[in-house]
Amino acid sequence: MTLDQFPWLTAIVLLPLVASFLIPILPDKEGKTVRWYALGIGIADFILMCYAFWKNYDPSSATFQLAEKYTWIPQLGLSWAVSVDGISAPLVLLAGLVTTLSIFAAWQVNIKPRLFYFLMLVLYAAQIGVFVSQDLLLFFIMWEVELIPVYLLVSIWGGQKRQYAATKFLLYTAASSIFILVAGLAMALYGNNLTFDMAELALKDFPIALELPVYAGLLIAFGVKLAIFPLHTWLPDAHGEASSPVSMVLAGVLLKMGGYGLIRLNMGLLEHAHVYFAPVLAMLGVINIIYGAVNSFAQTNMKRRLAFSSVSHMGFVLIGIASFTDLGINGAMLQMLSHGLIASVLFFLAGVTYDRTHTMLMNEMGYIGKVMPKVFALFTVGALASLALPGMSGFASEIAIFVGMTSSDVYSSTFRTVTVFLAAVGVILTPIYLLSMLRQIFYASDANPTCDINPSCDISDISLKSQGNQEVVCFGTSCVLPSEADFSDARPREVFIAVCFLVPVIAIGAYPKMATNLYDATTTAINSQMRLAHEQVALIRNNETFAVQPTFPNLSEVQAKTVLATK
């Protein structure tokens, strides 16, 4: 077998899965061997996917590549069919990076370490499986497998309300997954041949009466995962109670599975229904942006504030998907990649801060920037990236979405103006709640009256060896001298993890083509398909077959003949 014939994607999916089942038999008493083993598997799988894409993936092609197909259960029409294109390849790399670093971030797990790292590796495999599956039934299986590790990771290693948060996550996501199964069966059974292969499903000519309810069902399923209002309420609870490594995966990868599903299935297989639902997606995107931003202000828990920030940022993905422009869809993809990196580093640094202060409540912190300057610097860079500072990846993605929606000729000027204006309100709110978070954590705490601009504490009540000329600072709700603080600054391992996220954030912000070149050909092809579907819907409207929104233009006689020629 030559390297060209090697089943790269199958190996990438199965390596962490098979490796996870070896953890119970590893000779290890204190969990140190297990954590090194899990980290080694994560790094090996990430290197494997990087090598496979570097050697065999052509970003200039919009077709599926590295395709592998093996008959699995022929009675059900189920095949092991995997491949990647410009939509899935970047998300596979994102999942590999985030999950590997989250394993490294969980270095201090000492409660049931075998089970923890076993679940992390299973989750690793399931995430990759979702992004590479080209069989709809296989896609559903991978989607369901991913739920079990997350539920256990939150319910065992979470906070005080971990059982409630984990159960809520499972109920929301498992119930919504039923819509994927029903929609998949409806598409597979339609027509003369039973098939779950996405390439074959794309060739079926579904009637609009079937497309619309199937699209609505998939929108609910993927809307829960993407945290679309009002299906988002599981997210703040899950983030608030999950450990930071799990939150990194939740925000960095799992949310992106919802956006990926909308592009892969809703847009790829149900393009005519997408024409109807696109304005709804744009409106939901605006609601997400403003609702998430406003709710962030009300959160005193640091991780819940970051969770609502994720809800807000996912609204931009919806607007980009609904734009009917190359630039808009490009921006949606870049927003998913950018947010995956930024949210992961922010939740990681929130965990680093919690390890020192033992609290997530921002009003119990204050002035800790003097004690932990490295954490403060890294947190500040992450927050600036999240608020879309020019030169960061968040700015490149959001400006692409804004320009994409503004330049769209599908919507009326009023619709575009209102959408962009309301989305811009969210952009204004974002730096306010993020910078106020930094102020509360690292500068001052309103809850501690003794720790104001010039903190004055009763030093005699504190056991200190020497005061010297140091200025007393407030660390959480305690007044201490910096040199006598019981808490250390960021360790080399923690700095390394944060830098691994921040370097690509800055690099993509400086040169966005580093990321967009991976998927530009595919998003352009998808948008061409959407534009054609829009013209076909407009043509049918001219023939008064069914009603559409007034934002859709009528076609001239010349345009109608052109569209008919392509059908």
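Partly exposed here means a relative accessible area between the buried limit, under 20%, and the exposed limit, over 50%. With 23% relative accessibility, Cys-500 therefore lands in the partly exposed class. Keep in mind that this is a predicted model.

**The largest pocket**
- The largest pocket holds about 1,000 Å³ of space.
- Its lining is made up of 36 residues, and Trp-157, Gly-158, Ala-242, Ser-243 and Tyr-354 are the ones that lie nearest the pocket centre.
- By class, the lining of the largest pocket splits into 16 nonpolar, 12 polar and eight charged residues.

**Who builds the lining**
- Helices H5 (136–157), H6 (162–189), H9 (234–241), H10 (244–269), H12 (302–321), H13 (326–357) and H17 (492–510) each put at least two residues into the lining of the largest pocket.

**Helix H9**
- H9 is mostly covered, with eight of its eight residues buried.
- Those buried residues are Trp-234, Leu-235, Pro-236, Asp-237, Ala-238, His-239, Gly-240 and Glu-241.
- As for packing partners, the buried residues of H9 sit against H6, H8 (208–226), H10, H12 and H13.
- H9 also supplies at least two residues of the lining of the largest pocket.

**Cysteines**
- Cys-50 has 31% relative accessibility, so Cys-50 counts as partly exposed.
- Cys-500, at 23%, counts as partly exposed too.

Methods: Residues numbered from 1 in each chain as written. Predicted model: local features only at pLDDT ≥ 70, side-chain atom pairs only at ≥ 80, totals over all residues. Heavy atoms only, no water. 1 Å grid on protein atoms, 1.4 Å probe; cavity = no way out; pocket = protein on both sides within 12 Å on 5 of 7 lines; lining within 4 Å. Points joined across faces, edges and corners; volume = space filled by probe spheres on them. Helix = DSSP H or I, 4+ residues; strand = E, 2+ residues; numbered from the N terminus. Nonpolar A, V, L, I, M, F, W, Y, C, P; charged D, E, K, R; others polar. Buried < 20%, exposed > 50% of the residue type's maximum accessible area, 1.4 Å probe, protein only. Contact = heavy atoms within 4.5 Å.
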